[in-house]
Amino acid sequence: MKALFAQNQLDTQRPLATESVKRAVVSTARDSWEVYFSRLFPATGSVGTGVQILAVSHTGIKLLRMVKGGREAGGQLQVLRTYSFADILFVTIPSQNMLEFNLASEKVILFSARAHQVKTLVDDFILELKKDSDYVVAVRNFLPEDPALLAFHKGDIIHLQPLEPPRMGYSAGCVVRKKVVYLEDLRRRGPDFGWRFGTIHGRVGRFPSELVQPAAAPDFLQLPAEPGRGRAAAVAAAVASTAAAREVGRRREGPPVRAGSPDRAEDGLTLPPYTMLEFAQKYFRDPQRRPQDGLRLKSKEGRESRTLEDMLCFTKTPLQESLIELSDSSLNKMATDMFLAVMRFMGDAPLKGQSELDVLYTLLKLCGDHEVMRDECYCQVVKQITDNTSTKQDSCQRGWRLLYIVAAYHSCSEVLQPHLVRFLQDVSRTPGLPFQGIAKACEQNVQKTLRFGGRVELPSSMELRAMLAGRSSKRQLFLLPGGLERHLKIKTCTVALDVVEEICAEMALTRPEAFSEYVIFVVTNRGQHVCPLSRCAYILDVASEMEQVDGGYMLCFRRVLWDQPLKFDNELYVTMHYNQVLPDYLKGLFSSVPASRPSDQQSQQVSKLALLQHRAKDHSYLPSVREVQDYIPAQLYRTMAGSAWLNLVGQHRQQTQALSPHQARAQFLELQQRGRAGPLHPCRQPERPQLPQHRDPWPGAVSSGGCARGEPAQCPG
């Protein structure tokens with residue numbers, strides 16, 4: 001903004017400006033000032049999130065809190081998390097003052113006295129953005145076997161495509177439910193038989209309309225647009241090569257043919273499907289134009305396969321040009337620098353004053369800054385570990401370690417992915433071959449990165465030394481309610497969802513709908529800052545980031561949704577839920593306080609719950625008046641004398657005497673669930689707890705959801 005004012009010579013002495021300058025000032029303020037053009041609503045999130053204000057603007061919603069400013073007496077607003085309208089599928093109000101924002105891969109739950117106003121405003125924005133949008137979002141998975149249909153997963157954004165006109169004398173159509181559907185009718189806005197036509201990740205096809213709903217145009221789809229270059233060239237740069245660009249239309253146009261290489265069509269060589277050799281045949285540079293790689297054979301027979309094999313084998317000399325036929329000369333120079341970094345990391349070229357970490361950072365940064373170079377990087381590393389004849393004893397091993405690291409950080413394209421996976425599977429499953437274990441680990445990293453987006457925080461020198469030494473995991477402490485500890489084995493690509501599934505498995509929970517009710521939180525500043533992690537967040541990324549901020553951070557596991565009924569056959573499950581529910585019960589969050597004296601039925605239940613708490617501590621004696629007071633919510637305890645409560649508690653002693661502590665906890669939870677006649681959750685939003693003396697940062701408050709931590713990983717659909 002200051003630069004704009006200076007450019008147009010605006011100040012307090014000369015405040016006048018033209019209409020165009022005024023529009024530029026307003027536009028700059030809208031785009032750069034985070035909350036200036038927002039409507040603010042009082043709101044709170046789940047326990048420990050710190051959300052105090054919800055801001056709604058033309059771009060989306062922001063979760064804010066007030067912090068003390070350096071100069072401002074009243075403080076200033078800090079943005080905790082931002083969601084664009086492209087991320088929001090729809091908004092509901094499940095109960096009074098409760099807002100549920102349904103995103104593609106998560107839910108955000110907030111509480112506001114102006115929930116209805118917020119929903120109306122957000123709905124208006126989303127509806128306006130959807131009016132002229134050519135995009136839809138998948139609400140369910142669609143994985144057909146027919147290759148002519150478009151496969152996708154829930155949360156995927158699909159770009160609707162115009163239907164191609166048929167050839168002269170032909171009608172385009174398809175058979176749907178034993179009826180002929182003419183695509184021309186659809187194009188003329190005729191009866192829609194429930195099918196749409198669209199594209200995602202370079203694939204095109206039909207799909208059922210009932211599985212999608214309109215969506216705002218995503219703000220992350222940006223193709224490079226260079227002056228003087230057409231759309232085809234932009235697409236080619238986006239997928240790293242002109243040959244790969246042809247793959248986008250492969251299903252409509254037939255198999256790709258390499259331009260300028262007529263011999264290939266004449267040879268008619270058929271390679272096994274999804275091998276790296278087949279990928280090289282389609283997308284590598286013409287080997288006949290690469291005298292520095294491969295043998296120049298006079299015999300036409302076998303010429304192509306021999307030279308392609310040489311291009312995929314180890315070389316002692318640096319490359320002079322990229323392996324993949326890139327469409328930009330600057331990218332070609334980048335590819336040669338990348339290959340030199342690969343050689344240096346493997347020990348086949350001198351470091352020249354750099355450390356291994358410097359070389360690795362350079363390589364990962366190149367892939368991070370230039371997505372088009374990722375396939376090239378994978379191909380270069382595969383080349384150097386294939387038939388490795390280096391004089392350096394550990395060259396091949398270091399190459400595999402490099403592939404393991406790259407696969408943890410950056411995904412390859414969907415074009416390369418089946419070829420790369422086939423290569424790794426061939427190594428890991430062929431008896432007698434070396435590096436079978438790390439090949440399997442590389443395959444797992446590739447699949448994880450494709451699903452979750454890849455690591456973000458660069459590895460520390462300690463982590464890099466551990467990986468080079470063959471140690472790819474560490475023990476990480478996770479805290480459960482009540483101070484329960486679990487030390488889990490965390491690998492390079494372990495995400496929060498993996499931790500949730502592992503702890504749930506220990507509690508005998510195996511259904512995906514059960515996993516969605518639990519969240520990992522990161523706790524810093526001695527419990528003052530509690531942030532839920534995205535299910536796609538990489539644990540080692542979180543640990544690396546937190547160690548720079550607060551060495552005393554904790555990772556905690558808690559239940560945040562209570563749709564599934566409780567079960568009582570697993571001791572860890574019962575103990576964990578008892579420890580989380582008990583403090584909220586004692587705060588009165590599960591009880592409606594009577595105006596005067598509680599009813600006899602309520603008094604009996606409260607007194608029995610008190611004795612079950614006593615038995616859960618493995619105490620067999622009758623509790624004292626002071627102990628009974630600790631077992632009953634303060635609002636209820638004040639309605640009767642302490643001696644009266646003690647008498648009521650004593651009436652249940654015979655029933656609970658034979659119970660084990662585990663049985664007492666289970667019966668406590670069962671009574672709570674039965675008393676609420678539905679899913680167990682507090683009757684109002686819990687307050688932020690204070691950090692107790694034990695290591696659990698919550699005394700057990702039950703949350704109904706919250707915002708998810710966006711970094712270090714964004715979750716794809």
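Trainee: What does Ala 508 count as: buried, exposed or partly exposed?

Mentor: Buried means under 20% relative accessible area, exposed over 50% and partly exposed in between, with a 1.4 Å probe and protein chains only. Ala 508 has 41% relative accessibility, so this residue counts as partly exposed.

Trainee: What kind of model is this?

Mentor: Residues are numbered from 1 along each chain as its sequence is written, and side-chain values use heavy atoms, leaving out hydrogens and water. Local features need pLDDT of at least 70, side-chain atom pairs count only at pLDDT 80 or more, and totals for chains, interfaces and linings use all residues, as the model is predicted.

Trainee: How are α11 and α14 set to each other?

Mentor: Their axes, lines fitted to C-alpha atoms over the stretch in contact, with angles from 0 to 180 degrees between N-to-C directions, come within 8 Å and cross at roughly 125 degrees. Under 35 degrees counts as roughly parallel, over 145 as roughly antiparallel, 65 to 115 as roughly perpendicular and the rest as oblique. The two helices are therefore oblique.

Trainee: Which residues of α14 does α11 meet?

Mentor: Contact means heavy atoms within 4.5 Å. From α11 (residues 329-346) come Val 342, Phe 345 and Met 346, and they meet, in α14, Ser 395, Arg 398, Gly 399, Leu 402 and Ile 405.

Trainee: Which strands stand at the edges of the five-stranded open sheet?

Mentor: Strands pair if DSSP finds at least two bridges between them, and here the order is β13-β12-β9-β8-β14, with antiparallel pairing. Neighbouring strands are turned by 45 degrees against each other on average, direction ignored. Each edge strand has a single partner, so one side is left without a neighbour in the sheet, and the edges are β13 (203-208) and β14 (212-215).

Trainee: How many bridges join β12 to β13?

Mentor: Ile 200 stands opposite Arg 203 in β13. Strand β12 (residues 195-200) runs antiparallel to β13, and the number of bridges joining them is six.

How values were computed
Helix = DSSP H or I, 4+ residues; strand = E, 2+ residues; numbered from the N terminus.
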